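Please open the structure in the viewer and follow the selections below in order. Each stop names what to select and then describes what is there.

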Amino acid sequence: MLDNAKTVTDAKKRYSAGVMKYAQMGYWEPDYTPSDTDIIALFRITPQDGVDEIEAAAAVAGESSTATWTVVWTDRLTACDKYRAKAYRVDPVPNSPGEFFAYIAYDLDLFEPGSIANLTASIIGNVFGFKPLKALRLEDMRLPVAYVKTFQGPATGIVVERERLNAYGRPLLGATVKPKLGLSGRNYGRVVYEALKGGLDFTKDDENINSQPFMHWRDRFLYCMEAVNRASAATGEVKGTYLNITAGTMEEMYARAEFAKSLGSVIIMIDLVIGYTAIQSMAKWARDNDMILHLHRAGHSTYTRQRSHGVSFRVIAKWMRLAGVDHLHAGTVVGKLEGDPATTKGYYDIFREEYNPMALENGVFFDQDWASLNKMMPVASGGIHAGQMHQLLTYLGEDVVLQFGGGTIGHPHGIEAGATANRVALEAMVFARNAGRDIWNEGSDILRDAAQTCTPLKQALETWKDVTFDYASTDAPDFAPTPEVSA
Amino acid sequence: MRLRQGQFSFLPDLTDDDIRAQAQYAIDQGWAVSVEYTDDPHPRNTYWEMWGHPMFDNPDAAAVVFEVNECRKEHGGKYIRVIAFDSTAGWESIRMSFIVNRPADEPGFRVVRQEGEGRIVRYTIESYAVREPEGRRYA
């Protein structure tokens with residue numbers, strides 16, 4: 001009788017034809033210590049009733065690396081011990097019966113250098129449909145320096161983006177043009193002009209603005225660049241508008257990117273739905289053409305939002321930093337879209353830090369060294385307004401793009417007034433913080449004082465007062481900050 | 001027009017006390033504060049003239065205010081800004097930048113359009129002030 005959770009070491013038994021437990025095949029190695037060059041994945045597994053969690057973890061390791069459902073003799077033509085992924089630790093998830101955290105280590109040679117497509121084909125490939133599991137979620141990954149160094153990383157990075165924009169010491173400001181569909185190119189450019197002249201650094205195409213009957217892409221680009229240049233002259237600032245080059249083919253995206261470049265745009269935009277390889281291609285193009293690359297995470301909530309199944313956004317964030325985008329939406333905490341403060345902090349740290357220490361209270365399971373890869377600028381967008389400026393600055397810090405779409409365009413006295421209200425609120429809050437004020441507690445007073453000399457801000461504060469979106473989060477960390485965990 | 005470059009150009013002009021408070025924040029972060037001036041405020045004019053070197057070992061923002069006022073004596077009719085450099089690995093660039101002096105009259109910029117084929121327009125932004133030679137701008 002074979003022990004179900006023990007690797008069969010007798011080669012004759014191990015490779016005799018037939019079906020064998022994954023743990024017996026060598027995909028469960030509780031004594032394994034991951035090497036510095038291993039890629040480590042942390043999965044949340046929910047085994048089917050009656051399936052042992054060790055065997056489930058071993059099965060995930062097997063199906064995401066070398067295994068198939070039955071023993072194959074051709075394993076013996078390879079250094080199969082090296083290529084087998086190794087589940088080495090399985091812990092119950094706190095307060096979640098039936099769910100387990102499985103740690104799995106993968107040898108570096110399992111992956112092609114510099115390819116997110118190849119990485120994901122293994123890690124989130126077949127295994128997510130595997131029948132013995134009710135649900136599976138990729139929670140986090142540790143990417144070794146040896147692997148990180150095979151990627152370009154963000155085309156521009158936070159520091160050089162600021163140098164190009166000549167904008168330091170404060171969050172950048174943006175707005176998405178609304179309504180998101182239906183405006184003609186000429187009318188669209190009007191919104192861009194008013195918002196930029198009023199004090200925003202950026203305006204933005206929405207994710208589904210590509211080239212539709214009401215506005216073809218060349219029209220949008222031409223009118224937007226007229227607006228950008230007029231606003232730049234009116235303020236003496238560098239301005240930008242994220243021209244969305246998302247299209248049905250790479251050829252078309254390159255053509256749109258080249259046109260944006262020829263018009264002098266500082267930034268272009270793509271949607272997450274174009275796919276990992278297309279994103280990496282555009283990141284390379286952006287590096288070669290001095291272009292800031294904005295990524296709108298369209299579609300991510302289909303797989304990031306539910307706790308039991310899918311891929312955590314923190315993993316998507318890591319992949320996108322490798323893939324090489326400069327901007328990526330990451331949550332607002334206080335706005336209308338998903339994100340509790342602790343989890344969102346974990347995302348922001350992944351975007352902006354050189355080194356992420358393990359922080360279970362923020363959902364960060366591994367130490368991660370970014371090996372001097374550029375930093376990504378997080379974008380906070382969705383249901384935020386000037387009256388929340390103290391909360392936004394406290395939660396999100398300085399290196400972030402705050403995007404007020406409705407909070408700019410919905411201002412009762414127009415788009416320019418809305419933009420000015422946001423910019424004055426922002427500058428007043430940064431000024432007060434630097435001068436030693438307690439902005440968390442005095443934020444409302446600081447805004448009211450700033451509104452004394454700024455009518456648009458006064459009107460904004462009256463319009464939106466203390467609008468906030470306070471719903472329970474569907475994706476909060478599993479670990480509360482306790483001394484044992486955070487030490 | 002009002003030049004909107006820098007962190008605080010949408011706020012009322014800073015007082016010397018304001019400048020001291022902001023400079024002290026920079027110093028307390030370990031950043032070196034510097035004073036620069038220009039008569040060419042084009043948004044892509046990166047290199048304003050340096051009023052001395054960045055003050056690397058200065059612990060007291062009063063010295064920054066002193067230098068700003070010395071600079072004003074000579075260049076009071078121009079733009080003057082205070083910037084802060086962070087030498088930390090992975091940053092090694094500017095962390096703060098704010099305008100502390102402006103010319104009495106700010107003529108602003110004009111957009112120059114060169115119409116090309118296929119509706120393409122090549123844009124240039126030009127400061128009205130730079131039509132005069134250096135030293136004769138802003139009176």
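Select chain B of this predicted model. Among its contacts between residues at least 6 apart in sequence, 54% join residues at least 24 apart. Chain B has 139 residues, of which 36% count as buried. Its C-alpha trace spans about 55 × 40 × 25 Å along the principal axes. Colour chain B by secondary structure to display two helices and six strands; read from the N terminus, the elements follow the order α-β-β-α-β-β-β-β.

Now display both chains and select the residues in contact between them: 31 from chain B and 33 from chain A. On the chain B side, α1 (16-28), β4 (93-101), β5 (109-115) and β6 (121-127) each supply at least two residues. The largest share, five residues, comes from β4(B). By residue class, the side of chain B that touches chain A comprises 19 nonpolar, seven polar and five charged residues.

Move to chain A and select β2, β3, β1, β4 and β10. In that order they form an open sheet of five strands with mixed pairing. Which strands stand at the edges? They are β2 (86-92) and β10 (310-311) of chain A; each has a single partner strand, so one side of each lacks a neighbour in the sheet. Zoom in on β2(A) and β3 (residues 100-106) of chain A, which pair in the antiparallel sense over six bridges. Within this pair, V90(A) stands opposite A102(A) in β3(A).

For the last stop, select H411(A), in the loop between α16 (406-409) and α17 (415-434) of chain A. Is H411(A) buried or exposed? It counts as buried because it has 26 C-beta neighbours inside 10 Å. Beyond its neighbours within four places in sequence, H411(A) is in contact with A417(A), G418(A), A421(A), P456(A), Q459(A) and A460(A). Finally, select D445(A): it is 34 residues from H411(A) in sequence and 21 Å from it in space, C-alpha to C-alpha.

Terms used:
Residues are numbered from 1 along each chain as its sequence is written. Chains are lettered from A and ligands numbered from 1 in the order in which they are written. This is a predicted model: local features need pLDDT of at least 70, side-chain atom pairs count only at pLDDT 80 or more; totals for chains, interfaces and linings use all residues. Helices (H or I, at least four residues) and strands (E, at least two) are DSSP runs, numbered from the N terminus. A residue is buried if 20 or more other C-beta atoms lie within 10 Å of its own, exposed if 12 or fewer, and partly exposed in between; C-beta atoms are placed from the backbone. Two residues are in contact if their C-beta atoms, placed from the backbone, lie within 7 Å. Ala, Val, Leu, Ile, Met, Phe, Trp, Tyr, Cys and Pro count as nonpolar, Asp, Glu, Lys and Arg as charged, and the others, Gly among them, as polar. Two strands pair if DSSP finds at least two bridges between them.
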